[in-house]
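Have the model open as you read, and take the points in order.

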Amino acid sequence: MNKKLGLVLSGGGARGAYQAGVLIAIQEISESSGVPLRYDYLSGVSAGAINASSLASNADNLKHACSSLAKLWTEVSFEKVFSTDSLTMGKIGLQWMRELSLGALTGTTPGRSLMDTSPLRNLIHDNMDYAKVEQNIENGHLSALAVTSIDYAKSATTTFIQGKANLPSWDKGRKRSEHTTISTDHIMASSAIPLLFPPVKVDDRYFGDGAVRNHAPCSPVIYLGAEKLLVIGVRRQSSTAYEQRATSNTTAPSVARVVNTILNGALLDAVEQDVERLRRLNDVASMLPAEHHHKIALRPLDHLFIAPSADIGEMAVQKANKLPRIVRFMMKGLGSLQDASEIISYLLFDGEFCSDLIDIGYKDGMANKEELIKLLQK
């Protein structure tokens, strides 16, 4: 019997379209090679939570699942994710100005953000079949769906889990799990990029983007029982191009460049660091006799990490003119478009841009064909 496979999907706003392309390639490789594909555990944060949940609702037919996901991303638009009209954006801007200047006198409004994401809630709700998630779990097409958010009150990473009975739970300091029925609220909460998107209330608590303080994004599927991992990131591993852009500018960093750095650290660094940590632990485990693994709860874990071969930030800058005018105006107020490249890539919910990311993801998935087949056969 093949080892149980855990799929880990990181976040990054519009960059999530890249994962759809990789998933299409994986499904096609499985079909053409005759190697069965079954995701036992699906785990996602931010845009990855949207993708993971969509897969879970179509886990009985992965070919249809991938085509549905690609359709979602190719048909996305700014208006389907956040309000772009001048009235809404202007109102938010005026509220920020008032609270920053007069907050001590007038008080502040909780949950303030730069965007109104009411349209995103409708998009997620209209494209999810929550009843089918439970049905797929009951029918054995999936063991669990995990969606991770940050609990702002407790400053703890919370993973919401829907799955089979008797699944493990954990409470490890600032990492904890909760068994529930996944809803639009949970997905919205996991996708709430700090400052850009507003926190989301789930029951009586407020949550934000699951990548914040999530130092071990691979851990939920491991805790749940995955014996091999497929991890899909959304940032190019070689940062040479980004570093060249940064070092070419010797002036003091703009607000945009500072926010770029903070968002990268909060949203994108963790999955890469977790995979590197997994590699090091595998090296240690491989040096120990197999009979001693259980004594220290350490065993080698087969895994494959797929990340973009292209610089998505640079791609976003080239298409920045597609941003709504008022958003583009706001970005320029923070600094140059180059300085805001990562922010733009998170917000560039444009069908053409997302289609380009899907194409890159597909090519990168196919480029890992041999490694993927080896992983699926284990």
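1. A quick term before we start: a residue counts as buried when its relative accessible area is under 20%. Ser191 comes in at 5% relative accessibility, so Ser191 is a buried residue. Bear in mind that you're looking at a predicted model, not an experimental one.

2. Where does Ser191 sit? Look in the loop that runs between α7 (184-190) and β7 (200-202). The Ser191 side chain has a polar atom 2.8 Å from the backbone oxygen of Ile187.

3. Now for what surrounds Ser191. If you skip the neighbours within four places in sequence, Ser191 touches Ser46, Ala47, Ile50, Phe197 and Asp209. Two of those names, Ala47 and Ile50, turn up again in α2, where they take part in its contact with α3. That makes α2 a handy next stop.

4. Helix α2 covers residues 47-57 and helix α3 covers residues 62-74; their axes are 9 Å apart, and the angle between them is about 140°. α2 is therefore oblique to α3. As for handedness, α2 and α3 make a right-handed crossing.

5. Which residues bring α2 and α3 together? On the α2 side you'll find Ala47, Ile50, Asn51, Ser54 and Leu55, and these meet Ala65, Leu69, Leu72 and Trp73 of α3. Sorted by class, the contact of α2 with α3 has seven nonpolar residues, two polar ones and no charged ones.

6. Helix α1 takes in residues 16-33 and helix α15 residues 369-377; their axes come within 10 Å of each other and cross at roughly 70°. So α1 and α15 are roughly perpendicular. The crossing of α1 past α15 is right-handed.

7. In that contact, α1 supplies Ile26, Ile29, Ser30 and Ser33, while α15 supplies Lys369, Leu372, Ile373 and Leu376. The class count for α1 with α15 is five nonpolar, two polar and one charged.

8. Finally, step back to the whole chain. How many helices and strands does the chain have? There are 15 helices and 10 strands. The chain has 378 residues, and 55% of them count as buried. Among contacts in the chain with a separation of 6 or more, 76% are between residues 24 or more positions apart.

How values were computed
Residues are numbered from 1 along each chain as its sequence is written. This is a predicted model: local features need pLDDT of at least 70, side-chain atom pairs count only at pLDDT 80 or more; totals for chains, interfaces and linings use all residues. Side-chain values use heavy atoms; hydrogens and water are left out. Axes are lines fitted to C-alpha atoms, for helices over the stretch in contact, and angles run from 0 to 180 degrees between N-to-C directions. Helices (H or I, at least four residues) and strands (E, at least two) are DSSP runs, numbered from the N terminus. Angles under 35 degrees count as roughly parallel, over 145 as roughly antiparallel, 65 to 115 as roughly perpendicular and the rest as oblique. A crossing is left-handed if the near helix is turned anticlockwise from the far one by less than a right angle, and right-handed if clockwise. Contact means heavy atoms within 4.5 Å. Ala, Val, Leu, Ile, Met, Phe, Trp, Tyr, Cys and Pro count as nonpolar, Asp, Glu, Lys and Arg as charged, and the others, Gly among them, as polar. Buried means under 20% relative accessible area, exposed over 50%, partly exposed in between (1.4 Å probe, protein chains only). A polar contact is a pair of N or O atoms within 3.5 Å; within protein, one must be able to donate a hydrogen and the other to accept it, and residues adjacent in sequence count only if both atoms are side-chain atoms.
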